[in-house]
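Here are some exercises to work through with the model on your screen. Try each one yourself, then check the steps below it.

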Amino acid sequence: MRLFRIFLLHFQSIAQHRTRSLVWFLLSLFNPFMLLLFWTASAKDNQLGIDLTVISTYYLLLVLGGSTLMAHQEEDVAVMDIQKGALVKYLLRPIPYYFMRFSEEMHYRILQGGYGIVAIIILSNIFQISLKFVSDPLFLVLALVSCVLAYLLSFTYKMLLGILAFWLIETRAIFEFAEVVTLILCGFLVPLDLLPSWLKLVAQLTPFPYMIYYPLSALIGQFSLYGLASILAIQACWLGVFFLTYKLVFGAGIKRFTAVGQ
Amino acid sequence: MPIISVQNLRKTFQVPYKEPGVAGALKSLIHRKYLEKPAVDGVSFTIEEGELVGFIGPNGAGKTTTLKCLSGLLFPTSGEIDVLGFRPFDRKKTFLQQISLVMGQKNQLWWDLPAMETFLLNKEIYQITEKQFQRVLQSLVEILQVADVVQIPVRNLSLGQRMKCELIAALIHQPKVIFLDEPTIGLDVVMQQNLRTFIKEYNHQFNATLILTSHYMEDVKELCERVIVINNGKIVFDGRLDDIVKKFSTDKKITLLLSKSVDLNILQSYGQIKSSEGNKVTIMVPSANSRQIAAELLAKLPVVDVNIEEPEIEEIIRQMFTRK
Ligand SMILES: Nc1ncnc2c1ncn2[C@@H]1O[C@H](COP(=O)(O)OP(=O)(O)O)[C@@H](O)[C@H]1O
Ligand SMILES: [Mg+2]
């Protein structure tokens, strides 16, 4: 209840940034939008033998998934908090930094998710795409749980990236490289099934498809109950690994924190 | 049983070091060198509950670094710190609920929202009951006179108003131990005075233990019975403010009012002339024989009035800091 009230208070502060958030959202639309254009065009001469409703629903969902499931706090963590010292105000309060950052980040996702739903409705009307969703309520609930886990995974991953700034002075290049790798491996450019088979195999061994590709596929209804359950289990495992790693790395890094400029 | 005890605290920062010139830049690309820079260098002291202690020293002396170690922000290079029975760096929840660090430039207030929203956030974070929140808020708002300010977005407030709201946000959980780092910096004289009054009153009303750093002597003079003077990371004095004068002043100040002007060379032979305006001359003489010198001057010169004083504390401290 107390944590919930903290969430609500944070939401107010972030609602102040709704215009800026809308601009970010529109920028993030660009990539899925281009891909959507490409796939609807090639639907006319369907040679690949893929179910195009699935593909176009996938890209439409990417509009939503890319903006709601992917956390983006690593730059703030590295530059504002660690390098410029804003971490001080979190460390002084009797509540974990991880939680406070989460409470702040999550609202951007909710806000952008709202824009995402509007965008999906508009786009699916323009392109005359009939959306293919999972219809069974049990599957839907499990798919949504998978989305929540995906966001937690992405958030913890970005926290981990951010706190590398305890050791590194220059983080920007690393973040950009990590972003490209993530986008490919999580299925943001091309659905995992269309990747070269060796790359698909590599991707499956990493946590990245569990951040976007699997939860979205679950929403479309690509999995059996067993498949869905194993995805949830693997997501939970990765989350555990990420969180423990975060705790360890943070514990080591915080000893190097110098609270510069504060 | 002291509430704060610090033993042999050291904190060293690693600063990247580059040899001058292009060759140095190239070298540092391949192998970055670091200099070990001791910011706090073997500091020890203890503080009892309810004390209001002043921490003074020139810029870069290590005051802020010490406070950051005491509040658990920095991992000490070596030494022991005990605050309220906790090791600060562990940042235990029960420890953080009982302390506060207020820094002049730091802001925890939400910029776009009224300060009240941040107070409410802290109410949740520190798990303050509604009753206690209202009571403490009311008394803080009253002492600081900001009743009409807390509902206005922070970005529209003046520096002084913002500082007061920062103080409320930092004190709303009624910390037992408060570290104030240069709280009066950047404020005008009236606000500085207000803040001093507030600190004094807070110390009484809540029986809180306070450490205050400042390089304005006024703050320390008015507020603190005990001062710790730090220079180059080392404590050079710890005791009552008045004792600084006794311990460190090697000179006394003799002010003479003369009936007619005299040859300054005569005075020069007794001590250093500080000022001479018309018939009023001030000289500094060694404390040990100040009485004897005064007697001689009285005999030799047409003296109307004589006054022997200790030098100003500011003067002594300035001397302490510039000596070697
Ligand atoms: N984060 C930091 N990294 C490197 N050096 C620092 C850092 N913080 C302080 N220092 C150095 O440590 C010394 C003490 O600084 P500080 O504690 O801020 O002094 P004060 O508060 O007394 O002015 C200074 O020489 C300062 O340059
Ligand atoms: Mg300082």
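Among contacts in chain B between residues at least 6 apart in sequence, 70% join residues at least 24 apart; contact here means heavy atoms within 4.5 Å. Before you go on, note that this is a predicted model, where local features need pLDDT of at least 70, side-chain atom pairs count only at pLDDT 80 or more, and totals for chains, interfaces and linings use all residues. Residues are numbered from 1 along each chain as its sequence is written, chains are lettered from A and ligands numbered from 1 in the order in which they are written, and side-chain values use heavy atoms, with hydrogens and water left out.

**Exercise 1. Work out the overall build of chain B.**

Step 1: Count the elements. Chain B has 12 helices and 13 strands. Helices (H or I, at least four residues) and strands (E, at least two) are DSSP runs, numbered from the N terminus.

Step 2: Look at the extent. The C-alpha trace of chain B spans about 75 × 60 × 45 Å along its principal axes.

Step 3: Chain B is divided into domain 1 (48–68 + 87–243) and domain 2 (249–320), with bounds from an automatic or database domain assignment. The C-alpha centres of these two domains of chain B lie 42 Å apart. Across the boundary, 9 residues of domain 1 of chain B are in contact with 5 residues of domain 2 of chain B.

**Exercise 2. Trace the sheet that contains β10 of chain B.**

Step 1: Find the order. Four strands of chain B make an open sheet, β11-β12-β10-β13, with antiparallel pairing. Two strands pair if DSSP finds at least two bridges between them.

Step 2: Find the edges. β11 (272–277) and β13 (303–309) of chain B each pair on one side only.

Step 3: Walk through the pairs. β11(B) and β12(B) are joined by 5 bridges, and B:Ile273 stands opposite B:Ile283 in β12(B). These two strands form a hairpin with 2 residues between them, and B:Gly278 in the turn has a positive phi of about 60°. Next, β10(B) and β12(B) pair over 7 bridges, with B:Val285 as the bridge partner of B:Lys252. Finally, 6 bridges join β10 (residues 251–258) of chain B to β13(B), where B:Ile254 stands opposite B:Ile308.

Step 4: Check burial. In strand β12 (residues 280–286) of chain B, 5 of the 7 residues are buried, so the strand is largely enclosed by the rest of the structure. Buried means under 20% relative accessible area, exposed over 50%, and partly exposed in between (1.4 Å probe, protein chains only).

**Exercise 3. Explore the other open sheet, β2-β1-β4 of chain B.**

Step 1: Read off the layout. This one has 3 strands, with antiparallel pairing.

Step 2: Look at the edges. β2 (33–47) and β4 (78–83) of chain B have a single partner strand each, so one side of each is left without a neighbour in the sheet.

Step 3: Inspect one pair. β1 (residues 4–17) of chain B is joined to β2(B) by 12 bridges, and B:Lys11 has B:Val40 as its bridge partner in β2(B).

**Exercise 4. Is B:Arg226 buried or exposed, and what does B:Arg226 touch?**

Step 1: Locate the residue. B:Arg226 lies in strand β8 (residues 226–231) of chain B.

Step 2: Apply the cut-off. B:Arg226 counts as buried because its relative accessibility is 15%.

Step 3: List neighbours. Leaving aside residues within four places in sequence, B:Arg226 is in contact with several residues, including B:Phe45, B:Ile47, B:Glu51 and B:Asp238.

Step 4: Compare sequence and space. B:Arg226 and B:Ile47 are 179 residues apart along the chain, yet their C-alpha atoms are separated by 10.0 Å.

**Exercise 5. Which residues have the most contacts inside the largest nonpolar core?**

Step 1: Define the core. A nonpolar core is a set of buried Ala, Val, Leu, Ile, Met, Phe, Trp, Tyr and Cys residues joined through side-chain atoms within 4.5 Å.

Step 2: Name the residues. They are B:Ile4, B:Phe45, B:Leu70, B:Phe119 and B:Ile244, in a core of 177 residues.

Step 3: See who contributes. Helix α7 (residues 137–162) of chain A gives the most to this core, with 13 residues.
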